Amino acid sequence: MTIAYSADIRGFDPAFATDLRTGKIISLVYDNLVRFDADMNLAPAIAHSWSVNNTGRIYTFNIRNNVRFHDGTSLTINDITKSFHRILDPQTSSPQTWLLERITGAKDFMTGKADHVRGLQITNDSSLVVELDEAFAPFIQYLAMPAAAIINSNGIESLSTVPAGSGPWRLETWARDGELLFSRNKDYWDTPPITDNLRIRILSEVMTQSAEFETGSLDILEVPQGEIEYWRQYNYDQIEVEELNIWYIGMNCSRPPFDDLRLRQAMNYSIDREKIIHILLNGSAALANGPVPPQLLSEVTELRYEYNPSRAIQLLQEAGFGNSLQTEIYVAGGSGMFHVLEALQSDWAAVGITVEIKRSDWNVFKTAVREGKPDLYYLDWFADYPDGENFLYPLFYSTESMKNRNRFSDPDIDAIIIKIQRLPNNAERQRLIADANKLIVDAAPWVFLWHSKTIYLTQQWIKGFQPSPIFNANRYMNISKMAQE
Amino acid sequence: MIQYFLNRLLQAIPVLLGVIIITFVLMYIIPGDPVVSMVGERYSEETVQRLRQELHLDDPLPLQFLRYVGNVLQGNFGNSFITGEPVAALIIEKFPNTMMLAITAMFFAILIGLTAGIMSSVRPGSFMDRGIMVLALAGISAPVFWVGLILVLVVGVMLQWLPPTGFGGIEYLILPALTLGLRSAAYLARLTRATMLDVLSHDYIRTARSKGLPEWKVFIKHAFPNTLIPVITIIGTDFGSYLSGAVLTESIFGWPGIGRLALEAIMKRDFPVIQGTVLFMAIMFVLMNVLVDLLYGVVDPRIRLERSGK
């Protein structure tokens, strides 16, 4: 089976899997203690079961004894603790230490005060106890993230180019910027993939991908935004996935002019998002009523900022801006969304806000955002794990936002987010997520745009492709390929 | 001859040193932090500091420069910031692909360009001459990415004669090589025609014709060799640029060569890979130039005589 990516991955070292593409590939060749199934529920993996004690601090994982790495060696509980130590070890320089930092003693280990992490305890050869400093509900989901993958202790030396995992696919060859070829792991502890091999071609041009799909060389095509209309005329099987993401415009809340709530709300009221989604995005997005995607909320959030230019003008008058406001929006060059920004620009101009578009490459853009330079910036966020918390803490918690994003800080919202992190997944936690979502909508630190959908086309000989909204649940296990006509 | 060759190589040293200095300085002037590409979305300030230290990004610039030059002199081009692999290994991995594409592209360029140019010059002003010259003009004017995409669409998708893109056997090589080679072919055709027409007006051609030689012999044996000096110059410089990678062609056809390696490195601010690939490209250019100079001597005995006379 053959699919395409638009750029190559970084390598096979889970410690450096910080981008979506690399994370997807890591999930093919490695296993974690737990994983997400196609419906985004936590499912057993190397741990066949687990429990959390009533304080929410102590997790006990019961480990399968029939898991083998690709080189044939058995996966033992020592491999698990070694993998976790490796991520935390300063020698590794992994940017993903945040996944495991909350384990008791992790900080001591990271600063060299201890030679191992106290909170990782092997009780017998089939159970691992993990103790956290305090209750932290997302932890179990962190363990399904690429950087928490379990590595074969024998293969650490060459991880950047050769994976050392136990996952359902084995790497056969990797021609950098050319293709990745995997074969099914026949000895997988779970049901192995159906097709014999998986080829991922690196095709950076949108049109090239389409050409390859049209000639039947690609079995599945992730339809690029600009080509949705083109492919409608054909009769391919089409699957639409509402992904866990949010597209937004961050407004720097800590300095004039966007420290004024009325201006931020006016920015939201003044744009006709429905029109943009319909015309420019070919319907491949859903209006965002707040930062948290609807799939992760237990109740429906009502639309707070409908398209209402006169309300926007009124707010601008109240705030004393009249129609003389001039500002800049930063955007990363490769985002392919320039036409969308121009539409937004003209909507804002209609209410008297002049916005100049500043385009730069991704690296420059991210550096500027981190340093808090832009008044406005256009960006997206894709879920690390399917939990509303993932759309709250990293984006709106004061220390995170003040350091890396749009300098938003609200102690009430901070307090709710901390509660959400401590509570186990229950009705109260769900309500708090909805509350935080609403409060953030009211405070309008962003212009909330939309949640994008991805459209996949499959050839008629492909059966069983069910893409999941969460990136690392797509392991191509149940896809079968009939004889190609 | 060997003396001359060595002299030319020695002259290349200041050029390469200049290239090293300019790329080095440019990289530190352009905005953007390599660490940003490495850490992803959630990271702590300590991680950023630690990575910067590890990569020696906080050292004073002159120190970084001296360290780099010292390493290069020992044949060590450093390791990629992103994957940690040696830059030399990355270049060696990609170079055969680039080489293969470059040779095939040049083969097409010479075959099509010289044939068209000579055919054109046989009867200047004829229908064939005009036809070829219009095509050549189109070939020079058409942007590479456009030619590439049209070839993908027509030959790959509509006619399905060849796989549209990809990498592997010879069937994958033809379209990207044509894309890359057509522009040189067009240029060579025009150049060959112009030079041929010039040469054909000389007295020795009249002499050859008056001896009663058949027309094809006059063209191939007497006229054509005298067009070679400008033709070799163009082939040499174009080949040098092919060897340093063809970013557009490689991107359209998914061809894993030096050009894309450099482009990806620039996007990610992978300094050692940028430095390595740029230096490599410069070396390729210099070598091709030296080679072209040597070839002048081979095709033109007068150049050889001049040198041996000195």
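V447(A) sits in strand β18 of chain A, where strands are DSSP runs of E with at least two residues and helices are DSSP runs of H or I with at least four, both numbered from the N terminus. V447(A) is buried, because 25 other C-beta atoms lie within 10 Å; the cut-offs are 20 or more other C-beta atoms within 10 Å for buried, 12 or fewer for exposed and anything in between for partly exposed, with C-beta atoms placed from the backbone. Please keep in mind that this is a predicted model, in which local features need pLDDT of at least 70 and side-chain atom pairs count only at pLDDT 80 or more, while totals for chains, interfaces and linings use all residues. Residues are numbered from 1 along each chain as its sequence is written, and chains are lettered from A and ligands numbered from 1 in the order in which they are written.

- From C-alpha to C-alpha, V447(A) is 13 Å from L303(A) in space, although the two are 144 residues apart in sequence.
- The largest nonpolar core contains 137 residues, and Y248(A), I249(A) and V447(A) have the most contacts inside it. A core of this kind is a set of buried Ala, Val, Leu, Ile, Met, Phe, Trp, Tyr and Cys residues joined through C-beta atoms within 7 Å.
- Strand β18 of chain A, residues 446–458, gives the most to this core, with 7 residues.
- A second, separate core has 61 residues, including I91(B), V147(B), F239(B) and I274(B).
- Not counting residues up to four places away in sequence, Y248(A) touches L379(A), W446(A), V447(A), F448(A) and L449(A).

**Helix α1 of chain A**

- Helix α1(A) spans residues 20–29 and is mostly covered, with 7 of its 10 residues buried.
- Those buried residues are T22(A), G23(A), I25(A), I26(A), S27(A), L28(A) and V29(A).
- They pack against two strands of chain A, β8 (169–175) and β9 (179–184).

**Backbone features to check in chain A**

- Most residues other than glycine have a negative phi, and most peptide bonds are trans.
- M40(A) has a positive phi near 70° and lies in the loop between β2 (34–36) and β3 (42–44) of chain A.
- M40(A) counts as partly exposed because it has 18 C-beta neighbours inside 10 Å.
- Y476(A) also has a positive phi, near 55°, and its place is in the loop between β19 (462–463) and β20 (480–481) of chain A.
- Y476(A) is buried, since 21 other C-beta atoms lie within 10 Å.
- P256(A) and P257(A) are joined by a cis peptide bond, with omega about 0°.
- P257(A) is found in the loop between β13 (245–251) and α7 (261–269) of chain A.

**Chain B as a whole**

- Chain B has 15 helices and 0 strands.
- Its C-alpha atoms fill a box of roughly 85 × 60 × 30 Å along the principal axes.
- Of the 310 residues of chain B, 37% count as buried.
- Taking contacts in chain B between residues at least 6 apart in sequence, 73% join residues at least 24 apart.

**Two helices packing in chain B**

- Helix α5(B), residues 87–122, packs against helix α14(B), residues 271–299, at an angle of about 50° with the axes 9 Å apart. Axes are lines fitted to C-alpha atoms, for helices over the stretch in contact, and angles run from 0 to 180 degrees between N-to-C directions.
- That angle makes α5(B) oblique to α14(B); under 35 degrees counts as roughly parallel, over 145 as roughly antiparallel, 65 to 115 as roughly perpendicular and the rest as oblique.
- The contact involves V87(B), L90(B) and I91(B) of α5(B), together with P272(B), V273(B), G276(B), T277(B) and F280(B) of α14(B).

**Where chain B meets chain A**

- 41 residues of chain B are in contact with 34 residues of chain A.
- On the side of chain B that touches chain A, α2 (34–39), α3 (45–54), α7 (144–158), α12 (247–253) and α13 (258–267) of chain B each supply at least two residues.
- α7(B) gives the most to that side, with 5 residues.

Notes:
Two residues are in contact if their C-beta atoms, placed from the backbone, lie within 7 Å.
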